Amino acid sequence: MKRRHYFGLATMIIAPLLLISSCRNSSEKSEKPKIVKPKTTAMIKDNARGIINNTESPHVKLKSIDIGDCHWTDGFWAEKWKQAEETMVPYMGSLLKGDIGHGLNNFKIAAGLKEGEHQGWWWHDGDFYKWMEASMYIYAVNKNEKIVQEMDEIITIIGQAQQDNGYLSTPIIIRDDLEPFSNRKYHELYNSGHLLTSACIHHRVTGKTNFLDIAIKHADYLYDLFVPITPELERFGFNQTQIMGLVELYRTVQDKRYLELAEQFINLRGTYEINDTAATKGYPIGDMVQERVPLREETEAVGHAVLALYYYAGAADVYAETGEKALIDALDRLWDNVTHKKMYVTGAVGQTHYGRSSRLDKIEEGFIDEYMMPNMTAYNETCANICNSMFNYRMLTLTGDSKHGDIMELVLHNSGLSGIGLGGKDYYYSNPLRKIDGALDYEHMNVEFPERQPYLKCFCCPPNLVRTVAKSPAWAYSKTEKGLAINLYGSNKLETTLLDGSALKLSQKSNYPWDGAVEVTLEEAKSEPFEITLRIPAWAKGSTLTINGESLANVTSGSFAKIERQWSTGDVISLHMPMEAKLIEGHPRIEEVRNQVAVKRGPIVYALESPDLPKDTDITDVYISSNKELRAIHKTDVLGGVTTLETDLLIRKDALKSMYNEVSKPKFERFSTQLIPYYTWSNRGQSEMTVFMPVIWANE
């Protein structure tokens, strides 16, 4: 394999510690000083768990716990995490390291260790890095040294593939007919962002610098290439994972250049004419790639949902460091637009596969007009849903507002988990809210399938979902200025250090999300008073809170309940959240769900699936009555152990056959059945499914 030296650097030493000149492209050179990094990897090696993530970020209200401080012990999330450890991550690794997923092969070919051609999409490197990141979250808890040994072997190969100037994207390295940063459809910065993030997590968990050194070398290359920006390169930062990666690298090594470059990628949006050029050929332009309106002026979520939400998440990371009011104001507006006008009841986003933005730009896999929410053709890419949880996690840390924790939780329990089968080995790319047999021609669609698949050629979603499950313990708690915040519920143990340096140990017991009872026991705490806050979801009206059996007043749903006191070992906080099943009605402008309802219990959205109906019953012939009881029954032998909702539904027997029909009094037959959690659908063979059902409002 011929190693090519891209954008070769012409160097000239003019003073100690000053390096000048980066060749921007084959025809233009620009000179500038290169700032000396204040920390080397050797200097930060012994501080691996300190200057990282948002712990030192000045504009963050909820600071992250260290990865590994919390682990799930029992129940829902413990089972999901254990499956990630034993099945999801190993199985995904077997794909990506072998001839099916190609990921490691591409790095070997780029490194000259193997003959062959690049396989997979342009962004496949990034998907491989996401799997590596997931592996590190697993290692942070189980401390299986074989994981680190395997990562070291892979990192050595990645380092050999990296070009001398720091460039690293295997499709371009392998193919002699392509040049770096010649067309943005090659997604080089997407690969960059996941490289930087994965390397920082690897360093944070292991303290090693072998992967971090690769990331720093690559980030230095990006800075030399993009600062100052040239017209030829100003439109390349559209898939904004690099913003998150650069900010995380800045937090890790404290080199301000990386934060400067991250902010530049935000500032570029809306500063140039939206025309096709050689650099954009073959990929949509405008709203699709978040480039028409400056972010600080934007009022509407548009375009590709993943590109949009990665952008928002990256901007949230930048705000955490800079505190720029215009950024947080824009993010608040966009959050409101997504959540209240373009998000599904499952927390899913990205209403369509193909369409137009409100400004009439061609878009794919993304947002369309407000309240335009199709069910059967809802795209709801798994990546987009996960990105929604990532964005809301960041907004939760910035604002301390529980509404962001509610959306994060909604995605995690519904439209996130629906992207993977109960066995942990099969994947959905899109997550509709209704499926009707024969209604869609899957053979002529790019990524949708009638059932989950063991491998998706576009493999961005599976590792995104798996790394989220693997890092879920790190989202469960946050450190606050006065103590600790509890963000997510489920049985776990926490052993951490508060911001003042004091040790804290506690355990949480709960059968959440099937039960709303939560018990938190203090096992070790400082003697001085401090605060523990608990997120009370907006749906949990009527929640009660006690300490050692004594009731607390003013528990308000949709907020954090704050308890400040002098704690003692053995203190018990008991939270009870009512878990009655509720009917959910859409906004009247959502035409597809007029006179229909969904069913939600706690954070779980439910669905009706055809295996629970009489044979040959069409899902569209089923109605729900508003006065029928929805009985919650936990069934260990159904779909891996879930709480179902048993009820009587009405099946219309005079089914409508024509496009339009005269109205007569419908004939119904009552049928006793169950509703299942939405995330578990399509695990019993091909079937029909619906979240929304037409409702008969009964007064009896």
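This is a predicted model: local features need pLDDT of at least 70, side-chain atom pairs count only at pLDDT 80 or more; totals for chains, interfaces and linings use all residues.
Local features were taken where pLDDT is at least 70 and side-chain atom pairs at pLDDT 80 or more, while totals for chains, interfaces and linings use all residues. Residues are numbered from 1 along each chain as its sequence is written, and side-chain values rest on heavy atoms, with hydrogens and water left out.

The cysteines make a handy starting point. A disulfide is a covalent bond between the sulfur atoms of two cysteines; here the term was applied to a pair of cysteine sulfur atoms within 2.5 Å. Searching the whole structure gave 0 disulfides. Cys200 takes part in none, and the nearest cysteine sulfur, belonging to Cys387, is 18 Å away. Cys200 is also buried, with 2% relative accessibility, where buried means under 20% relative accessible area, exposed over 50% and partly exposed in between (1.4 Å probe, protein chains only). For Cys458, the closest cysteine sulfur is that of Cys460, at 3.8 Å, which is too far for a bond. Cys458 counts as buried because its relative accessibility is 10%.

Ser192 sits in helix α7, which spans residues 188–206; helices (H or I, at least four residues) and strands (E, at least two) are DSSP runs numbered from the N terminus. With 1% relative accessibility, Ser192 is buried. Leaving aside residues up to four places away in sequence, Ser192 is in contact (heavy atoms within 4.5 Å) with His218 and Leu222.

Ser543 belongs to the loop between β15 (530–536) and β16 (544–547), and its relative accessibility of 8% makes it buried. By the same exclusion of residues up to four places away, Ser543 touches Ile536, Val555, Leu575, His576, Met577 and Pro578. Between Ser543 and His194, the C-alpha to C-alpha separation is 40 Å in space, and the two are 349 residues apart in sequence.

Strands were taken to pair if DSSP finds at least two bridges between them. β23 runs antiparallel to strand β25 (residues 642–652), joined by 3 bridges, and Val622 stands opposite Ile651 of β25. With strand β28 (residues 693–696), β23 pairs in the parallel sense over 2 bridges; there, Ser625 has Ile696 as its bridge partner.
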